[in-house]
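Hi,

Here is the structure I promised to pass on. Have a look at it first, and then read on for what I found.

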Amino acid sequence: VRTDFDQLITWATGSLQGDEVLLASLRGETSDFVRFNHAAVRQAGSVQQQMLSVDLVAGARHAEGAVSLTGDREIDQARVAALLADLRAQRAVLPEDPFLLYATDGLDSERSVDGALPASADAVEAVSSGAAGKDFVGIYAAGATYQAFGSSLGQRNWFEASTFNLDWS
């Protein structure tokens, strides 16, 4: 995901016009979840989602918007291109922002916190066997969440953490 994000920001930077500056933030997750009732699995699924927020700046004017990403390079580039066109149109009618401030000499950073998660099937088996014969209800969710920032000025920041939660009664 990180490489895809870097490549998308690099591609978007190449499509900027004039003195435009791109400021982009990514939030996403890749998670599995399982819902239990009477100690049995009642629903299981996976979530993979990414939301890209963009602030397109030119001079003292800027416009912000967001788009969900699919992980497919062509689709994501088309969505970002359409978003940039919309933001240019919005920015053209916006007044200057006297409070606009952003870093022009950013600092790159990367942090990954590995939660050493068990395989989802192993976790479900452990919960199911431990709760067997009980009126156990709950939800187990586990996976990685991530946040990133990238700008057309070259800044890249990445944070990722893996975690789990079991909420039960």
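How many helices and strands does the protein have? There are three helices and six strands, and along the sequence they follow the pattern α-β-β-β-α-β-α-β-β. Keep in mind that this is a predicted model.

On overall shape: a compact globule of 169 residues would have a radius of gyration near 15 Å, whereas the protein has 21 Å. Its C-alpha atoms fill a box of roughly 65 × 30 × 30 Å along the principal axes. Buried residues account for 33% of the 169. Of the contacts between residues at least 6 apart in sequence, 69% join residues at least 24 apart.

Now the part I liked, the aromatic rings. The count comes to four aromatic pairs. One of them is Phe-36 with Phe-136, which is edge-to-face, at 5.7 Å centre to centre and 75 degrees between the planes. That pair links distant parts of the chain: Phe-36 sits in strand β1 and Phe-136 in the loop between α3 and β5, 100 residues apart. Both Phe-36 and Phe-136 are buried.

Phe-136 also pairs with Trp-168, this time stacked, at 5.9 Å and 20 degrees. Trp-168 is in strand β6, so this pair ties together parts that are 32 residues apart in sequence. Together, ring pairs link Phe-36, Phe-136 and Trp-168 into a cluster.

Cheers

Note on methods:
Residues numbered from 1 in each chain as written. Predicted model: local features only at pLDDT ≥ 70, side-chain atom pairs only at ≥ 80, totals over all residues. Heavy atoms only, no water. Phe/Tyr/Trp six-rings, centres within 6.5 Å; stacked < 30°, edge-to-face > 60°. Helix = DSSP H or I, 4+ residues; strand = E, 2+ residues; numbered from the N terminus. Buried < 20%, exposed > 50% of the residue type's maximum accessible area, 1.4 Å probe, protein only. Rg over C-alpha atoms; globule rule 2.2 N^0.38 Å. Contact = heavy atoms within 4.5 Å.
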